[in-house]
Amino acid sequence: SKREIKMRKLDSTKVRPHKTEQLLHIEDHDFALRPGFGGSPIPVGIDVQVESIDSISEVDMDFTMTLYLRHYWKDERLSFRSNKNKSMTFDGRLIKKIWVPDVFFVHSKRSFIHDTTVENVMLRVYPDGNVLFSLRITVSAMCFMDFSRFPLDTQNCSLELESYAYNEDDLMLYWKHGNKSLSTDEHISLSQFFIEEFSASSGLAFYSSTGWYNRLFINFALRRHIFFFVLQSYFPAMLMVMLSWVSFWIDRRAVPARVSLGITTVLTMSTIMTGVSASMPQVSYIKAVDVYLWISFLFVFLSVIEYAAVNYLTTIEERKQLKKRGKASGMYSIDAVQAMAFDGCFHDTDVDMDLPAFSDRCEENETRARAASVANLDTTRIKRKRSLKGNVGRIILQNNHVIDTYSRIIFPSVYIVFNFFYWGLYL
């Protein structure tokens with residue numbers, strides 16, 4: 001009936017909706033061509049909001065960044081009539097049907113558009129044909145780092161944007177709002193770096209086959225936090241160097257003590273150096289941390305060499321004394337303190353010790369000397385125990401070589417001067 005027909009017309013849910021393509025007249029134009037094809041280059045404005053810097057890798061020399069990339073241009077083919085002058089917003093399905101700038105990231109290793117829960121793409125079209133195209137992208141790009149001052153370094157990295165197909169005769173990239181086109185999240189932070197600066201710049205890139213292209217730069221400076229490396233590398237190295245100096249206060253005849261201390265500090269320094277090198281790229285130049293660790297290793301190594309010289313000179317000196325005594329008595333007699341040069345430990349008695357290479361006559365004299373001292377053995381031990389505590393310091397001082405005396409002053413002084421110049425040069 002006529003009434004039913006009228007009711008159907010008034011029911012808006014039954015009215016067939018207008019297609020967006022018909023409203024934007026997409027089917028009437030060839031969007032394979034850029035806007036204003038054949039004329040002046042189309043200006044495309046860019047602004048970027050950095051959401052996060054996800055990682056910085058020294059080994060791979062790259063960084064990973066998540067950002068919102070927005071493009072602004074005008075395409076009169078997309079203009080439409082609107083009484084309220086309101087824009088229309090679309091998702092990624094319309095992108096494949098119209099022309100959009102082909103901006104890519106120079107020196108990027110990998111990148112992707114986020115697609116959870118749907119593809120993070122937004123297109124907004126205004127009645128006069130102005131277009132806003134926004135993407136949420138994560139990109140990993142190269143950062144050419146200089147580690148000559150590592151870990152006291154500041155790295156300057158940049159993310160570069162450029163059109164892939166359109167040179168400067170067809171497309172002009174520029175920052176939409178100048179220096180204010182680059183914004184960052186206030187909560188951006190990194191574990192090993194402090195972000196000193198974010199800035200935007202522009203330039204030109206030339207390719208011999210295709211010509212000149214506009215290029216935009218997102219520059220940021222990263223200053224490394226030093227406290228982590230002080231705890232993990234510098235402070236342990238300092239302790240190992242100072243620990244090696246303890247050898248200068250140990251009796252020169254205590255061979256096992258001084259040798260084991262020297263070897264332990266050398267091996268520990270080697271472990272520290274290996275750990276630092278494992279986390280760094282294999283560069284062909286010397287880093288600041290290498291200078292410090294190698295100089296520290298040299299101090300530890302020289303401490304071992306110092307004792308080798310002391311022990312050698314002590315042995316020569318005692319051999320001369322034994323020869324002088326042997327001329328008068330026909331045998332070599334050694335007291336308990338001198339015996340430490342051979343076996344590295346104190347003896348409870350002051351009886352003379354013989355060497356295996358001595359003659360039978362020396363063995364007989366030694367046997368008589370031991371038999372004569374058996375009666376006074378207990379008395380000698382008691383006296384030695386009473387006097388040992390008070391005379392330890394005196395014994396150590398009297399039995400130190402002159403090289404040890406000078407080493408106690410020279411090694412710490414030179415190491416302090418080295419630290420002064422090192423931190424003054426790199427900080």
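Me: Is S191 buried or exposed, judged by its relative accessibility?

Reply: Buried means under 20% relative accessible area, exposed over 50%, and partly exposed in between (1.4 Å probe, protein chains only). Because its relative accessibility is 73%, S191 counts as exposed. The structure is a predicted model, in which local features need pLDDT of at least 70 and side-chain atom pairs pLDDT 80 or more, while totals for chains, interfaces and linings use all residues. Residues are numbered from 1 along each chain as its sequence is written, and side-chain values use heavy atoms, without hydrogens and water.

Me: Where is S191 found?

Reply: Helices (H or I, at least four residues) and strands (E, at least two) are DSSP runs, numbered from the N terminus. S191 belongs to the loop between strand 10 (182-184) and strand 11 (193-207). Along the chain, S191 and H225 are 34 residues apart, and their C-alpha atoms are separated by 8.2 Å.

Me: Which residue pairs are joined by a cis peptide bond?

Reply: Most residues other than glycine have a negative phi, and most peptide bonds are trans. Here T116 and T117 are joined by a cis bond with omega of about -5°. T117 sits in the loop between strand 5 (108-113) and strand 6 (121-125). A cis bond also joins F150 and P151, with omega of about 0°; P151 lies in the loop between strand 7 (130-142) and strand 8 (154-163).

Me: What is the phi of M61, and what is that of H107?

Reply: Phi is near 55° for M61, a positive value in a residue other than glycine. M61 lies in the loop between strand 1 (42-57) and strand 2 (62-74), and at 24% relative accessibility M61 is partly exposed. H107, not a glycine either, has a positive phi of about 65°. H107 is in the loop between strand 4 and strand 5 and is partly exposed, at 37%.

Me: How many residues does helix 9 have, and where does a kink lie in it?

Reply: The expected span of a helix is 1.5 Å times one less than its number of residues. Helix 9 (residues 402-426) has 25 residues and reaches 36 Å from its first C-alpha to its last, close to the expected 36 Å. A bend is the angle between axes fitted to the seven residues ending at a residue and the seven starting there. In helix 9 a kink of about 30° lies at R408, shortly before the proline P412. Both R408 and P412 are buried, and the buried residues of helix 9 also include F411, Y415 and W423.

Me: Which residues line the second largest pocket?

Reply: A pocket is an open set of points on a 1 Å grid over the protein atoms alone, where a 1.4 Å probe fits, with protein on both sides within 12 Å along at least five of seven lines; lining residues have an atom within 4 Å of a point. Among the residues lining the second largest pocket are E58, F150, Q192, F228 and M280. Helix 3 (227-245) and helix 4 (255-278) each give two or more residues to this lining, and the largest share, four residues, comes from helix 3.
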